[in-house]
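Here are a few exercises to work through with the model open in your viewer. Try each task before you read its solution.

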Amino acid sequence: MRIAIIGGAGRVGVSAAFHLLTERLCRQLVLIDIMEDLLKGEREDLLQCTSVIGRIDVLTSASAEACAGCDVVIIPAGSRRKPDQSRLDLIKINVGIIDSAIETIKRVNRDCIIFIVSNPVDVLTLRAYIRSGFHHTRVIGLGNVVDSVRFRSYLAEHFNWEPRDVTAFLCGEHGDSMVPIWSNASYAGIQFKNLTGVNVKQLEEVYQKTRKTGAEMIRLKGGASWAVGVAIAEVIRAIAFDQKRILPVSSVPMGAYGINEMTCISLPTIVGHSGIEGYADMKFTKEELDGLRQSAKIVAKTYQEVEKA
Ligand SMILES: NC(=O)c1ccc[n+]([C@@H]2O[C@H](COP(=O)([O-])OP(=O)(O)OC[C@H]3O[C@@H](n4cnc5c(N)ncnc54)[C@H](O)[C@@H]3O)[C@@H](O)[C@H]2O)c1
């Protein structure tokens, strides 16, 4: 696979690049960023790993046109919120960055999968879908994959479990209206409700910690990076190896679970070589389904605000 990262010199871009490299998920990696010196430095650092990892070509460019011929174009390019800047102002800046990237992708690479990471990820994934005119199966947002990765790790830490044996989805908006899917959460195949020593209060505590961790990462270290890179690699692995994994990526639901509006949220999605290959036949509780529908409405409303602004 050939993979491009637009925003490839940023914190998230470099972490994604490092994971793709060490897991050998691509043959060629194209890092694109407007910070040219930083980009050059990161490229040298990554390239120096290849004598241990094995040959992977690492290319750089200041122009998004360099994504031509790539199978997947990952976009974590973005601006950070500045003091006195409103949330909508920041969204407008990131919408501008995504619009410009999408225009270039449409011109030079109509066959790729577009993979949006920049925030607000659901709104920007919807924007990329509408602006690109690509089939909805080829426009993916990182959505709640990071949140779910964090959630499983924190649950394992709290209960002293092996993290890879935890199954727990967070779905809906990558934001305040995110929905924990407790009805399908399990450890080593045992539903949480059937595990002795696990109570609702503890689970709620871990969930609240997960909800707040994005902001906490910004406070402690300027922003998350390693877990985001791992989450991006999880999605890329599913595409590269056609794994048909069920991942809570963001996409336009197209009627899935009865969600018909023009919106983007994370649902239990089958991810394979073609991108979005369907949705899991997951039975939600009424409360969970109401939460997902509420998330869908919130993202649609924010998108409309952006369109009007
Ligand atoms: N979806 C998620 O789960 C998730 C998690 C963490 C971060 N994020 C988002 O990812 C984005 C990146 O975060 P970060 O910490 O890496 O920020 P960062 O500031 O470290 O990196 C952003 C990079 O984008 C580059 N850039 C800006 N405009 C560009 C353009 N037009 N073309 C090419 N490159 C451009 C910048 O030069 C910079 O290197 C943010 O929007 C952040 O909110 C999303």
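Please keep in mind that this is a predicted model.

**Exercise 1. Describe the surroundings of the ligand, and explain why it lies between two domains.**

Step 1: Start with the neighbours. The ligand is surrounded by 22 residues, and the closest are Arg11, Val12, Asp33, Arg80 and Asn119.

Step 2: Sort this shell by class. It holds 13 nonpolar residues, together with 6 polar and 3 charged ones.

Step 3: Look for polar contacts, taking N or O pairs within 3.5 Å. A polar side-chain atom of aspartate 33 is 2.6 Å from an oxygen atom of the ligand. On its own the ligand has 860 Å² of accessible area, and the protein covers 82% of that.

Step 4: Bring in the domains. Residues of the shell come from both domain 1 (2-141) and domain 2 (145-308), so the ligand lies between them.

**Exercise 2. Characterise the second largest pocket: what is its volume, and which helix gives the most to its lining?**

Step 1: The volume of this pocket is about 220 Å³.

Step 2: List the lining. Trp182, Ser183, Ala185, Gln191, Phe192, Lys193, Val198, Asn199, Val200, Leu203 and Glu204 line the second largest pocket.

Step 3: Classify these residues. The lining divides into 6 nonpolar, 3 polar and 2 charged residues.

Step 4: Assign the helix. With 3 residues, helix H7 (residues 200-221) gives the most to the lining of this pocket.

**Exercise 3. Locate the backbone exceptions: where are proline 120, alanine 188 and aspartate 242 found?**

Step 1: Most peptide bonds are trans, and most residues other than glycine have a negative phi.

Step 2: Check the peptide bond from asparagine 119 to proline 120. This bond is cis, with omega near 0 degrees. Proline 120 sits in the loop that runs between strand E5 (113-116) and helix H5 (121-132).

Step 3: Turn to alanine 188. Its phi is positive, near 50 degrees, and alanine 188 belongs to the loop between strand E10 (186-187) and strand E11 (190-191).

Step 4: Finish with aspartate 242. Phi is again positive here, near 50 degrees, and the loop holding aspartate 242 lies between helix H8 (226-240) and strand E12 (245-247).

Conventions
Residues numbered from 1 in each chain as written. Predicted model: local features only at pLDDT ≥ 70, side-chain atom pairs only at ≥ 80, totals over all residues. Heavy atoms only, no water. Near = heavy atom within 4 Å. Polar contact = N/O pair within 3.5 Å; in protein donor to acceptor, adjacent residues only side chain to side chain. Areas by Shrake-Rupley, 256 points an atom, 1.4 Å probe, with all protein chains shown as cover. Nonpolar A, V, L, I, M, F, W, Y, C, P; charged D, E, K, R; others polar. Domains from an automatic or database assignment. 1 Å grid on protein atoms, 1.4 Å probe; cavity = no way out; pocket = protein on both sides within 12 Å on 5 of 7 lines; lining within 4 Å. Points joined across faces, edges and corners; volume = space filled by probe spheres on them. Helix = DSSP H or I, 4+ residues; strand = E, 2+ residues; numbered from the N terminus.
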